[in-house]
Amino acid sequence: MGKPSIGRTEATIYCSFLLLCGVVYHFVSDGAYSGLVTLASAMHCMAFALLHVAIARRRVVTGVSLASLQMAAAAYVMRLTVTIFFSAYRPADSTGNHVYQLMDVAGLGALVLVLTGLPRSDFEKQTAVAWLVGAGVVMGALTYAQLSWRWYVNLLWMAALWVDTLSMLPQVRLTARMEVAHGYAAHYVACATLARIVGSVFWISVYDEFSYEVSWNYPGYSACFAFLVQVVLGSDFLVRYLIAATKQVLENDGGSLCFAV
């Protein structure tokens, strides 16, 4: 396995991220706890930017599920539809006015660049993606909260959460079969996992907010469950990647390059 060294482009992305965080914290954010949501969004954006760099540099990569990326794009679109036009699910601090949405737009843009540089899936795999997205929408319809007086806003946000959660299943399935780990994917793996952990910490800690106008806080428990699944699957993704990387180092097996779905 190639060493997961930080090249010039990756270093530029990391430095830009740290600079952006410093500027936003000192000049935009109120230092409120809800800023964690914006931070998680920025980390997701960085993860997809690093993945785009890896793909642009090598054209083909392994260890990243195309189906998961397609579902993540669908979740982005649903969430942005809510946060751009409505205020119910934005961070309460000043970053919720523009910065949070800009981070999600940038993340979606980086994800689109990743997807346009990859081969299309066959019909069977596209059907599986459609079924998983549909399942996420159904879960959102069954468990949405009442934070907005518009029911479709609540449904879209919860559906985005569930689609984002279910998007991790193809990735975990792929990682479970992975025997070769490449250093260039380490940046994406680490950033994506940390982003999910940071976002989950905030939403799980404020699950009581979902109890608004409901007799039993099933939306809050549902959201907590979805975020916990994200943390568990994300950690599993990271651990399996590290195991594969360690095994490869011990066997001194460089492996071949391919893009797996």
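Q: How many disulfides does a search of the whole structure find?

A: A disulfide is a covalent bond between the sulfur atoms of two cysteines. The criterion applied here is a pair of cysteine sulfur atoms within 2.5 Å, and the search of the whole structure returns 0 disulfides. This is a predicted model, in which local features need pLDDT of at least 70, side-chain atom pairs count only at pLDDT 80 or more, and totals for chains, interfaces and linings use all residues. Residues are numbered from 1 along each chain as its sequence is written, and side-chain values use heavy atoms, without hydrogens and water.

Q: Is Cys 45 buried or exposed?

A: Buried means under 20% relative accessible area, exposed over 50%, and partly exposed in between (1.4 Å probe, protein chains only). Cys 45, at 14%, is therefore buried, whereas Cys 15, at 51%, is exposed.

Q: How many aromatic pairs are counted?

A: A pair of aromatic rings is described by the distance of the centres and the angle of the planes. Rings of Phe, Tyr and Trp (its six-membered ring) pair if their centres lie within 6.5 Å; planes under 30 degrees apart count as stacked, over 60 as edge-to-face and the rest as tilted. The count is 15 aromatic pairs. In one of them, the ring centres of Trp 162 and Phe 225 are 6.2 Å apart and the planes stand at 40°, so the pair is tilted. Trp 162 is buried, with 7% relative accessibility.

Q: Which residues do ring pairs link into a cluster?

A: The cluster joined by ring pairs comprises Tyr 33, Tyr 89, Trp 157, Phe 202, Trp 203, Phe 210 and Phe 227.
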